[in-house]
Amino acid sequence: MRSDLPEWRRLEAHARDFQNTKIKDLFNNDPVRFDHFTAACGPILIDFSKQLMNETTRDNLLKLAEACDLENWRERMFTGDAINVTEERAVLHTALRTKNKTPVLVDDKDIIPSIKAAQEKMETFCRDFDKSDRFNHVVNIGIGGSDLGANVVCEALTPYINRKKTYHFVSNIDATDLMEALRDVDPEKTLFIITSKTFTTQETLTNACTARDWLREKLGRNDVSEHFIAATQNVEKAVDFGISEENIFPIWDWVGGRYSLWSAVGISIALAIGYDNYTALLDGAYTMDKHFREAPLAENLPVILGLIGVWNRNFLHYDALSIVPYNQYMTFLPFYMQQLDMESNGKSVDRQGRRVNYNTGPIILGDVGTNAQHAYFQLLHQGTSPMPCDIIMCAKSHNDIGDHHVKLLANALAQTKAMMEGQDHEDPNKVFDGNRPTNTLVLDELTPHTLGMLLSLYEHKIFVQGVIWNINSFDQCGVELGKVLAKDIIRDLGLDDMQTDSSTKGLLKHIKSVNTNI
Ligand code: F6P
């Protein structure tokens with residue numbers, strides 16, 4: 001077990017030394033703390049000086065990373081080793097954004113040519129789409145990794161979007177999601193993208209079928225295949241659905257759902273922001289990949305963020321991490337991060353199948369700043385379950401009007417200061433304990449390139465933590481049980497029965513029946 005490593009035990013002992021330490025005192029004792037506890041990669045800088053840690057902590061964490069063979073695991077990921085052991089797959093989303101000409105092998109086959117071919121097909125489609133006004137509305141139907149990544153990027157890159165067309169994301173099986181998206185679109189000019197790696201996901205297929213019925217009814221014809229394209233690994237099922245093979249964009253089993261926005265799953269992004277901007281997004285991710293692969297561990301942003309997270313989770317015993325972008329365009333980032341982190345590292349069993357005796361992935365929650373301040377920050381400042389925060393800021397704003405941006409940044413800085421310093425007061429209601437750790441991430445500006453870097457940074461951070469915890473960050477067995485039970489319930493209760501009685505009483509009858517049918 002990782003917790004048996006001498007490096008782990010050393011960190012446990014070291015954490016006890018911090019019981020009475022205040023972060024602000026670390027600053028008082030070290031005038032160059034800020035310089036020693038910041039790291040940068042091009043347009044992204046991380047200030048981690050407001051963590052409850054010192055140089056010895058950093059050294060001890062780096063030794064833990066070495067003891068866990070981090071560099072070797074990193075290389076195994078980049079070179080296509082089947083490190084997703086439960087699914088017996090390589091983990092190669094990084095190959096989708098590589099500029100490296102050297103072959104990347106899966107089962108002894110170089111996958112770079114197939115990536116290039118798929119990207120060329122996507123590029124042709126996107127450039128044609130741009131030039132023509134055959135379709136003016138795009139509706140992406142997908143869920144989880146087939147929705148969140150593309151959705152967060154399209155929202156974040158709104159300033160780059162072709163506004164002559166509209167873009168919608170439908171994920172929920174609640175028909176409201178689809179119906180609201182279709183409310184204002186012109187059926188004749190609507191293109192649906194069915195995005196599903198497996199093409200078996202209940203929510204996506206239900207929405208896809210309803211969209212197809214809606215279109216048939218609106219257009220008064222049965223053949224609506226021209227309006228559908230797909231991003232999937234399951235070509236056969238997509239063809240069965242009625243999508244012509246030339247409109248199917250391939251993905252591969254070595255791209256995990258939550259890591260798939262870099263594949264054809266990102267076609268909705270490329271349609272919205274144009275193929276050149278999409279390429280810049282991939283290039284940004286590649287820049288961070290290269291940094292992660294080559295920079296010394298002590299200067300390596302994903303390694304630093306990952307190890308700080310381990311320190312807070314396992315040695316200072318925080319349960320959660322709040323991610324707060326101070327940028328309205330990044331409103332969806334916390335949702336995306338929830339899946340990325342919690343589906344990857346929400347595990348209790350290590351790679352050897354043993355139940356771990358230490359904590360793994362934290363609870364992720366977040367909201368955009370400043371809104372978060374007026375919602376859940378009360379608990380962060382004065383609650384009994386405080387949590388560290390990643391505060392993300394952009395130096396430049398896309399909407400630099402009046403003093404808005406300065407006030408936005410001042411608020412972000414104020415929060416990190418309040419969390420660190422706290423406040424003494426004779427009135428106990430006004431006491432802030434402070435000593436809450438924060439990271440401050442600074443981007444020059446929110447562009448396709450910096451966004452690509454940021455997302456790749458968090459992907460690799462999560463990978464680093466998975467290595468330290470000795471868990472497989474690339475499967476998601478925990479989401480399967482509910483899917484099976486939902487199908488069982490429909491089978492047992494009968495779809496027709498459930499549909500005919502839509503009263504509260506009827507629903508209570510179903511709840512009771514499910515509860516007692518154990
Ligand atoms: O239920 C979780 C999950 O398997 C995710 O990992 C995945 O991103 C999502 O469902 C959607 O899966 P698919 O792309 O196969 O529809």
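How many of the nine residues of helix 7 are buried?

## Helix 7

Seven are buried, and helix 7, residues 148–156, is mostly covered. Buried means under 20% relative accessible area, exposed means over 50%, and partly exposed lies in between, with a 1.4 Å probe and protein chains only. Helices (H or I, at least four residues) and strands (E, at least two) are DSSP runs, numbered from the N terminus. The buried residues of helix 7 are Gly149, Ala150, Asn151, Val152, Val153, Cys154 and Ala156. Their cover includes strand 6 (166–170), helix 11 (267–273), helix 12 (275–294), helix 14 and helix 17 (448–469).

## Basis of the values

This is a predicted model, in which local features need pLDDT of at least 70 and side-chain atom pairs count only at pLDDT 80 or more, while totals for chains, interfaces and linings use all residues. Residues are numbered from 1 along each chain as its sequence is written, and side-chain values use heavy atoms, with hydrogens and water left out.

## Largest pocket

The volume of the largest pocket is about 890 Å³. On a 1 Å grid over the protein atoms alone, a pocket is an open set of points where a 1.4 Å probe fits, with protein on both sides within 12 Å along at least five of seven lines; lining residues have an atom within 4 Å of a point. Grid points are joined across faces, edges and corners, and a volume is the space filled by probe spheres set on the points.

The lining has 43 residues, with Thr201, Gln476, Val479, Glu480 and Lys483 nearest the centre. Helix 9 (202–219), helix 14 (333–345) and helix 18 (480–493) each give at least two lining residues; helix 18 has the largest share, six residues. By class, 13 lining residues are nonpolar, 20 polar and 10 charged. Here Ala, Val, Leu, Ile, Met, Phe, Trp, Tyr, Cys and Pro count as nonpolar, Asp, Glu, Lys and Arg as charged, and the others, Gly among them, as polar.

## Second largest pocket

The second largest pocket holds about 470 Å³ of space. Of its 23 lining residues, Leu52, Phe315, Leu316, His317 and Tyr318 are the closest to its centre.

Helix 1 (6–16) and helix 13 (301–315) each supply at least two residues of this lining, and the largest share, four residues, comes from helix 1. The lining divides into nine nonpolar, nine polar and five charged residues.

## Methionine 342

Methionine 342 lies in helix 14. Methionine 342 counts as partly exposed because its relative accessibility is 31%. Not counting residues up to four places away in sequence, methionine 342 touches Met337, Pro362, Ile363 and Ile364, where contact means heavy atoms within 4.5 Å.
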